[in-house]
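Me: Got a model I'd like to talk through with you. Can you take my questions as they come?

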Amino acid sequence: LDTVVMNIVMLVLLTLAAALGTRTIELHERAAFSRLVAEKTRRFQLEHKLEEFAGAEGERAARAEDSISVPATTHTDKIFGGLERVSPEELDERLQKITDLGF
C-alpha cells in the first residue's frame, strides 16, 4: 500500500513539474516574441523617419528594387552610404540631422 501511495505522489509531482516547465517555456517564448515585435516596430519607425529625411534631402529614388531590404537599396544606405564623399562641414550637418531624429 505504501508503494502505491508513493507511486501516485511521484506521478503527481512529475506531472506538476512538467506542467510548470511547459508554462515557463511558453512565457519565455512570448517574451522573446514581444521583444522581436518591439524591435521590428522600432526598425520600421526609423526607416520611415529616414525615408522622410531622404525625401527632404532630394535623395529618394523611385525604383522597383527599393523594396528589397539590402543595404544598397534601403533608405539607410542612401543616407549613410554617401557620407564618405562629402566635406567635413556637410558631414557634421548631415550627422546632426540624423541624430535629431532621435534614434
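Predicted model: local features only at pLDDT ≥ 70, side-chain atom pairs only at ≥ 80, totals over all residues.

Me: What does the protein chain average for pLDDT?
Reply: The average is 79, and 70% of the residues score at least 70. The pLDDT is the predictor's confidence in each residue, from 0 to 100.

Me: What share of the residues is buried?
Reply: Of the 103 residues in the protein chain, 15% count as buried. Buried means under 20% relative accessible area, exposed means over 50%, and partly exposed is in between (1.4 Å probe, protein chains only).

Me: Switching to charges, how many salt bridges does the structure hold?
Reply: There are 4 salt bridges. The criterion is a side-chain nitrogen of Lys or Arg within 4 Å of a carboxyl oxygen of Asp or Glu.

Me: Which residue does Arg23 pair with?
Reply: Arg23 pairs with Glu26, with the closest N and O atoms 3.3 Å apart. The two are 3 residues apart in helix 1, so about one helical turn separates them. Arg23 is exposed at 52% relative accessibility, whereas Glu26 is partly exposed at 29%.

Me: And what else does Glu26 bridge to?
Reply: Glu26 also forms a salt bridge with Arg30, where the closest N and O atoms are 3.0 Å apart. Here the spacing is 4 residues in helix 1, again about one helical turn. Arg30 is exposed, at 56% relative accessibility.

Me: What about Arg43?
Reply: Arg43 bridges to Glu39, and their closest N and O atoms are 3.7 Å apart. Arg43 is exposed, with a relative accessible area of 53%, and Glu39 is partly exposed at 33%. They sit 4 residues apart in helix 1, so the separation is about one helical turn.

Me: Which residues end up in one network?
Reply: Arg23, Glu26 and Arg30 do, through salt bridges that share partners.

Me: New topic: which residues make the nonpolar surface patch?
Reply: Leu1, Val4, Val5, Met6, Ile8, Val9, Met10, Val12, Leu13 and Leu16 make a patch of about 990 Å². Patches take residues with over 30% relative accessible area and no salt bridge, joining like charges within 9 Å and nonpolar side chains (Val, Leu, Ile, Met, Phe, Trp, Tyr) within 5 Å.

Me: Where is Met6 found?
Reply: Met6 lies in helix 1, which covers residues 2–56.

Me: How much accessible surface does the protein chain have?
Reply: About 8,200 Å², of which 63% belongs to carbon and sulfur atoms. Accessible areas come from the Shrake-Rupley method with a 1.4 Å probe, and for residues only the protein chains shown count as cover.

Methods: Residues numbered from 1 in each chain as written. Heavy atoms only, no water.
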